[in-house]
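Hi everyone, thanks for making time for this.

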Amino acid sequence: MQDNKGKKSKLGKPAAYPKTAVAEMSSIAKLKDMLDKVQVKADIKELDKIPGSDGYLDINGLDQVPIGKFEVQIKTLSLNTPPRHQCELPLLAHSRDAILPFLLIAVDVPNDAAYWIHLSKSVLKEIEDKLEDQKSVVVPFPSSNKISYGDNSYIESWISILEEYKQYADFPEERKLRLEFEAEVKMWRDRMRPAIKFTPAQITSINHFIDSVNNILTNEFPYAKAAYLYNYYKIGIAVSSYTDKQVNYLLYPIRSSDNESTIKELDDDESKFFSDETFINNNALEISGCNVETFASTDYSYYRVRNWIQKSVKKYTPRVENYAFAREYVDRFISAFHQVFDFDEEKEMISLKQICHTTENIIPLIAEQYHSERICIDFLLTENPARLQKQIKEAEEKFKAGHTPVNSLPIYSREFNFELFKHYLSFLRATTSNGEFIRYYKPYSHSQYESQFWRNWKKDELGYNLKIFWKNFLKIYEQSISKDFPAKDGITSFMKTYETCVVILHFRENTNVKPSLLIYKLNGICDPKQRIHFYVDNDEKCPILGRKNFFSKEPIVVNSNTYIPTFIQVMDLEFIYETVPTAAFIRTFLERRLKDFFNNKAPNFKTF
């Protein structure tokens, strides 16, 4: 280079842009244009100098409430038949150590498409196991993991991944269990072979069975599939023997990135399965056998998945966009941690801004003092009041001095789902106009421990809180079930759309009769705006006031309309004293309903 006098400069030329700059800018621009603008907020830097990462993708609900965040690397697709990318090992190492879930996205600019893969621990381990002496590796993209104009199906998959990571935040031991689960699956999959020893008729029968299993999990019980099977794509079957009398097989989970058939074969010597200690102690796989006639039955498919479904219900808490349930969950959390939030029984209202400040800053700053890789905040429930106030004061002083908490510190609670609490808190902030949180349930005059003994219960307190519960229950329940347990034939429905329900608190004070709920399901004119009516037994409007026989199916009058009882049930009241009453009631109801369903739908088949 020459200066203005024609002499060659010793400084040389200015630095040039990388040769890949144009392609990188085009790929990022194309990706941003294709991504959904409502649910995906892209914070991606062009020509940045940060190794291994181009930025972040924030995922929101349709209501714009944040769900979670991905770290992302954008590449230009160079190998597109099938779609794959030659990936440098340092990038994979970066994704391995990333705190956030990591997406690799390759953009096919000419064809208006992009392909993505979640570089999870299991995917990285599988890649690492195949490495030899090389500096890069070809990473294939599942053909179903596609981003294009007008197709937002990828968002549901991304949300599932984020939900899984939130489970890790609540219960960090889940990450270890997940890796153990996948290690067991891989061990057994290594023993499987393509299914070549079966006849066409046998393959048809196997296909019918495994398709039925996957259909039940995907379409009728999606929550069970996501919660118990760690969001695997579908279930595969490895058959060890298929004779004219019986079928022996192994069920195993398949990831969406696995390009393989759902039918495999195994060594026909099953004795080695049962002598393998790893197999006996695991939950990742399920081996079974049955006679050929049973195997062909659709009901048998329900029998095989019943344990997965019933186990998932035991931990179920709804995640729905429902204002009442958001209030209930936040109310129960800040009432339990009332010393931390300064929300004692005398207060009816608290600022949402104050709740957020305590949640996002004060609790993490207190947790940091314990210098642990993760912290369970349940110790705050029983902490000495004077010591706790000192900790809160110190945390406030740190915050005012400019100290911010380490966001990567996993904080969880065994009593509550901490991430779910933060989700509902964000939802309330977005939907509450005055910025104030009003108490949901009336505080009880007895302690949580004393609530175990029904003689401590107070009728007026129970009546007040049950009225709130039943006013909002049906909408919360139907929203939850339609999303997570939409089983066929209404088996998970609380009541039919044409039914009316009357719920009565039966509480005779100064007697030895334990209080209970009387539930009547009625046929008659149904008001769609109010399908459940709640009364206290001594209310002058109570439709069974004065009756001696509560189980009589005589007509009942509600709001001047006459109804015929079709179902009468007595129910215990312990659920209203649970940590989150609506969630507790839903779990109990679903457990009973599904137990009855599976007992009728899936009797004790003859298995081996």
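Let me begin with a question: in which hand does H12 cross H16, left or right? Keep that in mind while I say that what you are looking at is a predicted model.

So, to the helices. H12 covers residues 323-336 and H16 covers residues 418-431. The crossing of H12 past H16 is left-handed. Their axes lie 9 Å apart, and the packing angle is about 125°. Angles from 65 to 115 degrees count as roughly perpendicular and those over 145 as roughly antiparallel, so this pair is described as oblique.

Who does the touching? On the H12 side, the residues in contact include Tyr323, Phe325, Tyr329 and Phe333. On the H16 side, among them are Phe418, Phe421, Tyr424 and Leu428. If you sort the contact residues of H12 and H16 by class, you get 14 nonpolar, one polar and one charged.

Now let's move to the strands. Find S2, residues 55-60, and then S3, residues 66-76. How do S2 and S3 pair, parallel or antiparallel? They are antiparallel, with six bridges between them. One of the pairings to look for is isoleucine 59, whose bridge partner in S3 is glycine 68.

To find your place, take valine 72 and look across to leucine 103 in S6, its bridge partner.

Last stop: two aspartates in loops. Aspartate 342 sits between helix H13 (338-341) and strand S15 (349-351). Its phi is near 55°, which is positive even though the residue is not a glycine. Is aspartate 342 buried, partly exposed or exposed? Its relative accessible area is 44%, so it counts as partly exposed.

Aspartate 489 lies in the loop that links helix H17 (459-484) to strand S19 (500-506). Phi is positive for this non-glycine residue too, near 60°. With a relative accessible area of 76%, aspartate 489 is exposed, since the cut-off for that class is over 50%.

That's my tour, and I'm happy to take questions.

How values were computed: Residues are numbered from 1 along each chain as its sequence is written. This is a predicted model: local features need pLDDT of at least 70, side-chain atom pairs count only at pLDDT 80 or more; totals for chains, interfaces and linings use all residues. Side-chain values use heavy atoms; hydrogens and water are left out. Two strands pair if DSSP finds at least two bridges between them. Helices (H or I, at least four residues) and strands (E, at least two) are DSSP runs, numbered from the N terminus. Axes are lines fitted to C-alpha atoms, for helices over the stretch in contact, and angles run from 0 to 180 degrees between N-to-C directions. Angles under 35 degrees count as roughly parallel, over 145 as roughly antiparallel, 65 to 115 as roughly perpendicular and the rest as oblique. A crossing is left-handed if the near helix is turned anticlockwise from the far one by less than a right angle, and right-handed if clockwise. Contact means heavy atoms within 4.5 Å. Ala, Val, Leu, Ile, Met, Phe, Trp, Tyr, Cys and Pro count as nonpolar, Asp, Glu, Lys and Arg as charged, and the others, Gly among them, as polar. Buried means under 20% relative accessible area, exposed over 50%, partly exposed in between (1.4 Å probe, protein chains only).
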